[in-house]
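Please open the model below and keep a viewer at hand. We will walk through it together, one feature at a time.

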Amino acid sequence: MSDVTFYIIETIIKASLVVLILSAIAGFTTYFERKVLAFMQRRKGPMHVGPHGLLQIAADGIKLFTKEDIVPAQSIKPIFKIAPIITAATAFIAMAAVPFFPPFELFGRTIHPIVADVNVGILFVLGVGAVGLYGPLLAGMASNNKWGMLGAARTTVQFVSYEVVSGLSILAPIMIVGSLSLVEMNNYQSGGLLSWLIFKQPIAFLLFLIAGYAETNRTPFDLLEHEAEIINGYGTEYSGMRWGMFFIGEYANMFTVAFLVSLVFLGGWNDFYFIPGAIAIILKVLFLMFLFLWTRAAWPHIRPDQIMWMMWKVLMPLAIVNIFITGLVIL
Amino acid sequence: MFELVAFYLFAFLTIGSFVTTVKTRQPLYALTSLAAGMIFISAFFFMLDADFMGVVQIVVYTGAVLALYAFGMMFFDSSSLIKEKQRPASTVFILGTMIALVIVSMLVAPIAADHFQGAYPPIEGEGNVENIGYILFTKYLVPFELAAVMLLTAMIAGIVLASKHMNLKESE
């Protein structure tokens, strides 16, 4: 088999594996989320469908696929239909530059578990992840609904707030490593626990995690679909699978952020004492996902003016001071 | 072969989206196709192995067009069409053709010349980001720093203007 043929087949297999596995995991995470939230609130969560409610995912899937697909008569139809696809597609496109696992040997060839190894990986993931917010924005503006419009306005607020913090906070680790490639970032931390960047850059880690929560609109920052204030924000008019695609996009984005944080700050897929690298990164990602749910159970929603206040007047100066100190130390 | 397919695909997509931006009377179509066109352009940078420029194209224009959306939300009702003022078609036609001719001749000039060499040829063995960094921080250091200072000033001014009344209590 020639190299070109192999390359084409390899890329197609990798891309479809990423999409299939992660959309399946995204479905499973909804079950995981309901269970974790339930236990934290001293409830039992879904119990009736299957053992311990395990088949609830299948039931939800059947419901989403068979529900009537309603497009409001007064909406701007093409944009209304394309908005959920933007969210889901960009979530998976961003994953193209994420190196999920360490390279391994298969059929005598070294396989790199990354779809496209661009050497500016970290910027690509952040940039394409940011494009994902066009989904909620377009959905809210196209659905001709007051709550949708408010959700779209809040999307803009969220975007202009978190984007600057995520960009500036990731700058300090980039300065230390001296590369924008996620593989390089991972290799920099190959010297065991103490070489992890979280110990050199604790502030950047916290800031990036907060910005990541805002990017995936998880609970302290889920102001664009806040049920108690604006019904469901951008998703008010959506039903069935179109709404499900927003959901898959959100969960896929959570996994992207979790992989990004593990790769940049938590040692990536390097071997951790006796744990092999591939399992180490799965454990890290699972812990970060649990942290997402824990935060959701522990913290209330915040208001749009509070997120702007926090991002621009507290976190952004903090990130700049962090960069300044990092620069001084490197000099 | 891949590059050829990708080039024609993205060329048609880019031109199609920008034509939509110009021709449509629906503000939401115009903004969306503008954003789409800007992001499709980044594909050409990736094809030229200029990964950094490609990503910068995505990051910058995502934010820039999003700001346009914010203004669009304030000034237009996105569910209705815009009435455009029709200027004399001949003026638009002549101006458009002249600008297009000037830009195309500027871009084609290096190809038509028989001897063509970049003012700052890329350093062999260095990555894309490093090459941009060398040029930016040696030859173009002063413009770069000036732009940075201007952006910082604008940002601080924006925060001051926006946060004037943020500290008011809820009861007031």
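First, the ground rules. This is a predicted model, in which local features need pLDDT of at least 70 and side-chain atom pairs count only at pLDDT 80 or more, while totals for chains, interfaces and linings use all residues. Residues are numbered from 1 along each chain as its sequence is written, chains are lettered from A and ligands numbered from 1 in the order in which they are written, and side-chain values use heavy atoms, with hydrogens and water left out.

Let us begin with charge pairs. Over all chains, the structure holds 7 salt bridges; the term stands for a side-chain nitrogen of Lys or Arg within 4 Å of a carboxyl oxygen of Asp or Glu. One of them joins the side chains of A:Lys14 and A:Glu10, at 3.3 Å from N to O. Both residues sit in helix 1 (residues 3-40) of chain A, 4 residues apart, about one turn of the helix. Helices here are DSSP runs (H or I, at least four residues), as are strands (E, at least two), and they are numbered from the N terminus. A:Lys14 is buried, at 15% relative accessible area, and A:Glu10 is buried with a value of 15%. Buried means under 20% relative accessible area, exposed means over 50%, and partly exposed lies in between (1.4 Å probe, protein chains only).

Because A:Arg218 lies in the loop between helix 9 (202-215) and helix 10 (227-230) of chain A and A:Glu33 in helix 1 of chain A, the pair ties together parts that are 185 residues apart in sequence. A:Arg218 is buried at 3% relative accessibility, and A:Glu33 is also buried at 3%.

Which other arginine meets A:Glu33 in a salt bridge? A:Arg296 does, at 2.5 Å from N to O. This pair links distant parts of the chain, with A:Arg296 in helix 12 (residues 277-298) of chain A and A:Glu33 in helix 1 of chain A, 263 residues apart. A:Arg296 is partly exposed, with a relative accessible area of 34%. Through shared partners, salt bridges join A:Glu33, A:Arg218, A:Glu250 and A:Arg296 into one network.

Now turn to a pair of helices. Helix 3 (residues 77-94) of chain A packs with helix 11 (residues 240-264) of chain A at an angle of about 20 degrees, their axes 8 Å apart. The axes are lines fitted to C-alpha atoms, for helices over the stretch in contact, and angles run from 0 to 180 degrees between N-to-C directions. Helix 3 and helix 11 of chain A are therefore roughly parallel to each other, since angles under 35 degrees count as roughly parallel, over 145 as roughly antiparallel, 65 to 115 as roughly perpendicular and the rest as oblique. The crossing of these two helices is left-handed, that is, the near helix is turned anticlockwise from the far one by less than a right angle. To see where they meet, pick out residues including A:Ala88, A:Ala91 and A:Phe92 in helix 3 of chain A, and A:Phe246, A:Gly249 and A:Ala252 in helix 11 of chain A.

A:Ala97 is buried, with a relative accessible area of 3%. Leaving out residues up to four places away in sequence, A:Ala97 touches several residues, among them A:Ile114, A:Phe124 and A:Leu182; contact means heavy atoms within 4.5 Å.

Another buried site is A:Ser161, with a relative accessible area of 0%. A:Ser161 is in helix 6 (residues 146-177) of chain A. Beyond its neighbours within four places in sequence, A:Ser161 contacts A:Ile307, A:Met308, A:Met311 and A:Trp312.

Two backbone angles deserve a look. A:Arg42, a residue other than glycine, has a positive phi near 55 degrees. A:Arg42 is in the loop between helix 1 and helix 2 (56-66) of chain A and is exposed at 81% relative accessibility. A:Asn217, which is not a glycine, has a positive phi of about 35 degrees. A:Asn217 is in the loop between helix 9 and helix 10 of chain A and is buried at 7% relative accessibility.

Finally, chain B is divided into domain 1 (1-84) and domain 2 (127-166), with bounds from an automatic or database domain assignment. Taken over C-alpha atoms, the centres of these two domains of chain B are separated by 24 Å.
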